[in-house]
Amino acid sequence: MRDFKVMFVGCSGSGKTTAIASVSEISTVTTDVTNTDLANYNKEVTTVGLDYGEVTLPGQTNLLRLYGTPGQERFSFMWDILGKGTVGIIFLSDNSRSDPFGELKSYLNAFHSRLTEGNSVAILGIVKTDLAPYPDKNSYEQLLRDMGLSLPVINVDARDPTSVMLLLRVMSRHLERSIDNHDEAKQS
């Protein structure tokens, strides 16, 4: 059995807490407080520390430890703290925001070294496409190429356990492939 630390990253309201809660096999740990920034984020509560849950994917023995980061920049110090030991990063981009590309670029830049130095595998989940269908998946893929990144891109509904499990299965496959490639390189 392998144990993987996976971090969910994205703006406030992108569904990190919801996604983790929708699939966790344990009661999730949350650090939600009353949102005092209603002008920028139309939600009652917001994460200020972390979210935590665990899941074992069907047909696998790998345990995924799921950590959700706070989305606001003022809590970015938590990104580094939670990033220690992280092998997988799931970026969630809220398509209903006024500038989803700008926000995504900000998070990709904040985690750039992890993505380019091979410390973590990453995947992009596009949320709230039911509210805002554009930009579409192809546009996100082009944005990533323009930034020199190659990440799987998946439309996901953070409220739907089946949708989140698909995202996690893709992440798990990439983690396994990365570990196998690392092991092969060590043996050479």
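I looked up the second largest pocket and found it lined by Leu115, Thr116, Gly118, Ser120, Val121, Ala122, Gly148, Leu149, Ser150, Leu151, Pro152 and His174. A pocket here is an open set of points on a 1 Å grid over the protein atoms alone, with protein on both sides within 12 Å along at least five of seven lines; a lining residue has an atom within 4 Å of a point. About 180 Å³ of space lies in this second largest pocket. Volume is the space filled by probe spheres set on the points, with grid points joined across faces, edges and corners. I sorted the lining of the second largest pocket into 6 nonpolar, 6 polar and no charged residues. For that sorting, Ala, Val, Leu, Ile, Met, Phe, Trp, Tyr, Cys and Pro count as nonpolar, Asp, Glu, Lys and Arg as charged, and the others, Gly among them, as polar. α4 (112-116) and β6 each supply at least two residues of this lining.

**Ground rules**

The model is predicted, so I note the limits: local features need pLDDT of at least 70, side-chain atom pairs count only at pLDDT 80 or more, and totals for chains, interfaces and linings use all residues. Residues are numbered from 1 along each chain as its sequence is written, and side-chain values use heavy atoms, with hydrogens and water left out.

**Overall layout**

I get 6 helices and 7 strands for the protein chain. Helices (H or I, at least four residues) and strands (E, at least two) are DSSP runs, numbered from the N terminus. Along the sequence the pattern reads β-α-β-β-β-α-β-α-α-β-α-β-α. Of the 188 residues, 47% count as buried; buried means under 20% relative accessible area, exposed over 50%, partly exposed in between (1.4 Å probe, protein chains only). I also checked contacts (heavy atoms within 4.5 Å). Of those with a separation of 6 or more, 71% are between residues 24 or more positions apart.

**Strands**

Which strands does β1 pair with? β1 and β4 pair in the parallel sense over 6 bridges, and β1 also pairs with β5, again parallel, over 5 bridges. Two strands count as paired if DSSP finds at least two bridges between them. Met7 has Tyr67 in β4 as its bridge partner, while Val6 stands opposite Gly88 in β5. I find 7 of the 8 residues of β1 buried, so β1 is largely enclosed by the rest of the structure.

Next I followed β5 to β6: 7 bridges join these parallel strands, and Ser93 is partnered by Ile126 in β6. β6 also pairs with β7 (residues 153-155), in the parallel sense over 3 bridges, where Gly125 has Ile154 as its partner.

In a regular strand the side chains alternate between the two faces of the sheet. So what covers the two faces of β6, and are its residues buried or exposed? Val121, Ile123, Gly125 and Val127 on one side and Ala122, Leu124 and Ile126 on the other are all buried.

**Cores**

The largest nonpolar core has 25 residues, and those with the most contacts inside it are Val6, Phe8, Leu64, Leu66, Ile90, Leu167 and Leu168. I use nonpolar core for a set of buried Ala, Val, Leu, Ile, Met, Phe, Trp, Tyr and Cys residues joined through side-chain atoms within 4.5 Å. β1 (3-10), α1 (16-23), β4 (63-68), β5 (88-94), β6 (121-127) and α6 (161-187) each supply at least two of its residues. The largest share, 7 residues, comes from α6.

I picked Leu167 to trace. Apart from neighbours within four places in sequence, Leu167 is in contact with Phe8, Ile90, Leu92, Ile123, Gly125, Ile154 and Val156. A second, separate core has 24 residues, including Cys11, Trp79, Ala122 and Val153.

Most residues other than glycine have a negative phi, and most peptide bonds are trans. I noted two spots in the loop between β6 and α5 (137-146). Lys128 lies there and has a positive phi of about 65° although it is not a glycine. At 28% relative accessibility, Lys128 counts as partly exposed. Pro135 sits in that loop too, and a cis peptide bond joins Tyr134 and Pro135, with omega about 5°.

Technical notes: On a 1 Å grid over the protein atoms alone, a cavity is a set of points where a 1.4 Å probe fits but cannot get out, and a pocket is an open set with protein on both sides within 12 Å along at least five of seven lines; lining residues have an atom within 4 Å of a point.
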